[in-house]
Amino acid sequence: MEHIEGYTHLELVSENSKTLIYRALCTQTNRHVILKVMSQNYANATKIFLFNKEFEIVSNIHSPFVIKPIELIQNGQIPIMVLEDIGGISLHDYIHSKKF
């Protein structure tokens, strides 16, 4: 993804067939955030509905163990979840950095 309005310094953190996860800087607040972007190849009306529902559900969980959602935005037809950035790494990267 080349450009998301209101965000700069996009750094791809993780990707799979369904979503792309970016760390970015919000130009309005000057704070780092995480952007969870639905893959264009995965997006359809049902998947977009479920993505929006996920945001709604996570928004209603108030726990120090759950990353807080900030807002849900659109980039064309693709929904993007804006989440707080706690400075973490992907589970995949974490597992591969450990020696078991």
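Six of the seven residues of strand 5 are buried (under 20% relative accessible area, with exposed over 50% and partly exposed in between; 1.4 Å probe, protein chains only), so this strand is largely enclosed by the rest of the structure. The model is predicted, and local features need pLDDT of at least 70, side-chain atom pairs count only at pLDDT 80 or more, and totals for chains, interfaces and linings use all residues. Residues are numbered from 1 along each chain as its sequence is written, and side-chain values use heavy atoms, with hydrogens and water left out.

Helices (H or I, at least four residues) and strands (E, at least two) are DSSP runs, numbered from the N terminus. Two strands are taken as paired if DSSP finds at least two bridges between them. On this basis, five strands form an open sheet with antiparallel pairing, in the order 1-2-3-5-4. Strand 1 (7-15) and strand 4 (69-75) each have a single partner strand and stand at the edges, so one side of each lacks a neighbour in the sheet. From one strand to the next, the twist averages 30°; axes are lines fitted to C-alpha atoms, for helices over the stretch in contact, and angles run from 0 to 180 degrees between N-to-C directions.

Strand 2 (residues 19-26) and strand 3 (residues 32-38) run antiparallel and are joined by seven bridges. Tyrosine 22 has leucine 35 of strand 3 as its bridge partner. Helix 1 (residues 45-59) packs on the sheet, where it touches strand 2, strand 3, strand 4 and strand 5 (78-84); contact means heavy atoms within 4.5 Å. The direction of helix 1 makes about 160° with that of strand 4.

Strand 5 is joined to strand 3 by five bridges, in antiparallel direction, and valine 33 stands opposite glutamate 84 of strand 5. Six bridges join strand 4 to strand 5, again antiparallel. In strand 5, valine 82 stands opposite glutamate 71, and leucine 83 stands opposite proline 69. Strand 4 and strand 5 form a hairpin with two residues between them, and glycine 76 in the turn has a positive phi of about 70°.

A nonpolar core is a set of buried Ala, Val, Leu, Ile, Met, Phe, Trp, Tyr and Cys residues joined through side-chain atoms within 4.5 Å. The largest such core has 21 residues, and those with the most contacts inside it are Ile4, Tyr7, Leu35, Val37, Ile73, Ile80 and Val82. At least two residues of this core come from each of strand 2, strand 3, helix 1 and strand 5.
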